[in-house]
Amino acid sequence: MLGIGAFKQRLPRPEEALPGRDQPLPLHSNQHFVNSHPLKDRFAGFERIRFALGCFWGAERKFWTLPGVYSTSVGYAGGVTPNPTYEEVCSGLTGHTEVVEVVFDPKLVSVAQLLQVFWESHDPTQGMRQGNDTGTQYRSAIHCLTEAEYAAAVASRDAYAVQLEAAGYGPITTEIVYPAPEYYYAEDYHQQYLAKNPNGYCGIGGTGVSCPIGLPPAAG
């Protein structure tokens, strides 16, 4: 039988994945630590998109500071195991990646602007890792809740790929998924972690390559 470490660089097959649990992990506080808005809600009048760009502690902070972003939360998505714990996700045996859900007002901030922050805040060419953080839970992903978000994400990826190639980087490995897979809220202590722990670990870092936004679509 393969050891747990063997799963760090590949997604588990369904028969290999941990069983998880029927009930969600308890979210004891439904209040954003920074802005006091809800973490879980219907969010009427707002839109949502989810990003994975490495350790979700630092990734979440990239978005809660943006004008037009109403709320953020962190969780797990894109795998097999239902309602996983952090320890289970880190084992590589759930298939999930660490995700930030961004709730935003489209009148104040565009999907293109959010995508620019996403691309410029990490290296999307690294596969199953981000910097020194290695494992399937650190892979890059965009989980779209609308077709328009998916189209924007694909267009931004294609535009950024040209810039990265010119700078000497390899192909983008980011998963772009629509419809978004199920999102499982992470444990309370992970929510807005770096606001609660200002000196906490943040492994998020970009390539230094700017991502163009607002480009016209390529001719088909």
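Mentor: Strands and helices here are DSSP runs numbered from the N terminus, with at least two residues (E) for a strand and at least four (H or I) for a helix. Before going on, note that this is a predicted model: local features need pLDDT of at least 70, side-chain atom pairs count only at pLDDT 80 or more, and totals for chains, interfaces and linings use all residues. Residues are numbered from 1 along each chain as its sequence is written, and side-chain values use heavy atoms, leaving out hydrogens and water.

β1 and β6 run antiparallel, joined by four bridges; strands count as paired if DSSP finds at least two bridges between them. β6 also pairs with β7, this time in the parallel sense, over three bridges, and there Ile142 stands opposite Ile176. To get from β6 to β7, the chain goes through α4, making a right-handed β-α-β crossover. Right-handed means that, with the strands pointing away from you, the path from the first strand over the helix to the second runs clockwise.

Look at the side chains of β6: Ala141 and His143 point one way, Ile142 and Cys144 the other, and all are buried (under 20% relative accessible area with a 1.4 Å probe, protein chains only; exposed is over 50%, partly exposed in between).

Now for α4 itself, residues 147–166. Its buried residues include Ala153, Tyr160 and Leu164, and the buried set packs against β1, β3, α3, β6 and β7 (contact means heavy atoms within 4.5 Å). After α4 comes Gly168, with a positive phi near 95 degrees.

How values were computed
Expected span 1.5 Å × (residues − 1).
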